Structures are given as structure tokens and as C-alpha cells.
Amino acid sequence: MSDTINASRELTPQQNSVDRFDLSMEELTTLINNVPGLIYTAEPTASWAPKMLSDGTKELSGYHATDFTSGRITWSDIIVPDDLNKLQQAKAQARESRRPFSVEYRIMTRSGQVRWVLDRGRFTYDQAGRTVSLGGSSAI
């Protein structure tokens with residue numbers, strides 16, 4: 001019986017840590033979804049397939065985040081074609097230099113409105129130096 005009590009006491013601090021982590025994830029999600037504009041993480045490939053998009057996606061583009069995360073549409077699909085190269089170059093330079101990027105370009109919203117967007121972000125790297133993710137924000 002004393003082994004059970006000891007095991008219970010040993011697990012309690014671990015459970016408290018899990019509870020605090022869950023609460024902090026909830027708080028982080030709330031914060032991200034209430035920041036004006038769009039917060040994102042994406043694959044570091046040329047297509048920048050989104051891993052996560054905040055609720056600001058709809059307000060900024062008119063599309064739901066799931067339109068992008070499901071692959072029905074890509075962010076590149078809504079960029080005004082004349083501006084796509086500018087964004088690709090900014091991200092390529094940032095990746096090569098391991099520095100943040102900041103670039104303005106136009107998107108075509110779901111309703112057909114042309115909207116200027118300021119996109120800021122940076123790539124993250126693993127310990128071996130390989131690019132693992134792209135994260136940033138886009139806002140009007």
C-alpha cells in the first residue's frame with residue numbers, strides 16, 4: 001500500500017506540469033488567434049504548405065484556414081502574379097542568409113478585392129542546420 005502512495009506522490013508533480021502546459025497552450029492559441037492579421041507556420045519548401053494558420057486568415061483573405069491547410073488552395077494561388085516573384089526572392093534570400101524577411105505584395109481576396117499585405121517571417125533550423133519550418137505573420 002505504501003508503494004501506491006509513493007507512486008501517487010511522484011506522479012502528482014508530473015501531472016501538475018502537464019496541466020500547466022495544457023493551460024499555456026490554450027493561452028498561446030487564444031493569443032495567436034486574436035492577433036490582427038494572419039500568423040502562420042509552413043513547410044520550408046517552395047510551396048510553403050501551411051502547418052498552422054491563425055483565425056486571421058479569413059479576415060485577411062476571405063478564405064478559411066482549412067481552405068489552405070486542406071490543399072484546396074495555396075497562398076501562392078491568391079498572390080497577384082506580378083508580385084509572386086518578389087515574395088519568392090525575399091524568402092529565398094532570408095533562407096540563404098538565415099535572416100528574417102519583410103516584403104509587401106498584393107493578394108486577391110475571395111471576394112475579388114486586391115489587398116496589399118505585409119509579410120514578415122523567418123525560417124527555423126535544426127541542430128544540423130537543415131531548414132525545418134517557416135513562420136511569420138501577414139497583415140494589411
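Predicted model: local features only at pLDDT ≥ 70, side-chain atom pairs only at ≥ 80, totals over all residues.
1. Start with D67. Its relative accessibility is 9%, so D67 counts as buried.

2. What does D67 pair with? R110 forms a salt bridge with D67, and the closest N and O atoms are 3.4 Å apart. The two residues come from distant parts of the chain. D67 is in helix α3, residues 65–69. R110 is in the loop that runs between β3 (101–108) and β4 (114–125).

3. Next, D83 and R106. Their side chains meet in a salt bridge, at 2.8 Å from N to O. D83 lies in helix α5 (residues 81–97) and R106 in strand β3, so this pair ties together parts that are 23 residues apart in sequence. R106 is at 23%, between the 20% and 50% cut-offs, so R106 counts as partly exposed.

4. D126 and R130 make another salt bridge, 3.0 Å from N to O. D126 counts as partly exposed, at 25% relative accessibility. R130 is exposed, with a relative accessible area of 54%. How many salt bridges are there by the rule used here, a side-chain nitrogen of Lys or Arg within 4 Å of a carboxyl oxygen of Asp or Glu? The count comes to four.

5. Now the rings. The structure holds two aromatic pairs. In one of them, Y63 and F68 sit edge-to-face. Their centres are 5.8 Å apart, with 75° between the planes. Both Y63 and F68 are buried. The other pair is F68 with W75. Here the ring centres are 5.3 Å apart and the planes are at 50°, so the pair is tilted. Stacked would need planes under 30 degrees apart, and edge-to-face over 60.

6. F68 takes part in each of these pairs. Y63, F68 and W75 form one aromatic cluster. How buried is F68? At 4% relative accessibility, F68 counts as buried. W75 is buried too, with a relative accessible area of 15%.

7. Two arginines are placed over rings. The charged end of R95 sits over the ring of F123, 5.5 Å from the ring centre. R98 lies over the face of Y125, at 3.9 Å from the ring centre.

8. Then the sheet. In what order do the strands run? Five strands form an open sheet in the order β2-β1-β5-β4-β3, with antiparallel pairing. The edge strands are β2 (50–53) and β3, and each pairs on one side only. From one strand to the next, the twist averages 25°.

9. Look at one pairing more closely. β3 and β4 pair in the antiparallel sense over eight bridges. F101 stands opposite G121 in β4. Which helix packs on the sheet? It is α5, which touches β1 (38–42), β3, β4 and β5 (131–139). The direction of α5 makes about 155° with that of β3.

How values were computed
Residues numbered from 1 in each chain as written. Heavy atoms only, no water. Helix = DSSP H or I, 4+ residues; strand = E, 2+ residues; numbered from the N terminus. Buried < 20%, exposed > 50% of the residue type's maximum accessible area, 1.4 Å probe, protein only. Phe/Tyr/Trp six-rings, centres within 6.5 Å; stacked < 30°, edge-to-face > 60°. Lys NZ or Arg CZ within 6 Å of the ring centre and 35° of its normal. Pairing = 2+ DSSP bridges. Axes fitted to C-alpha atoms, helices over the stretch in contact; angles between N-to-C directions. Contact = heavy atoms within 4.5 Å.
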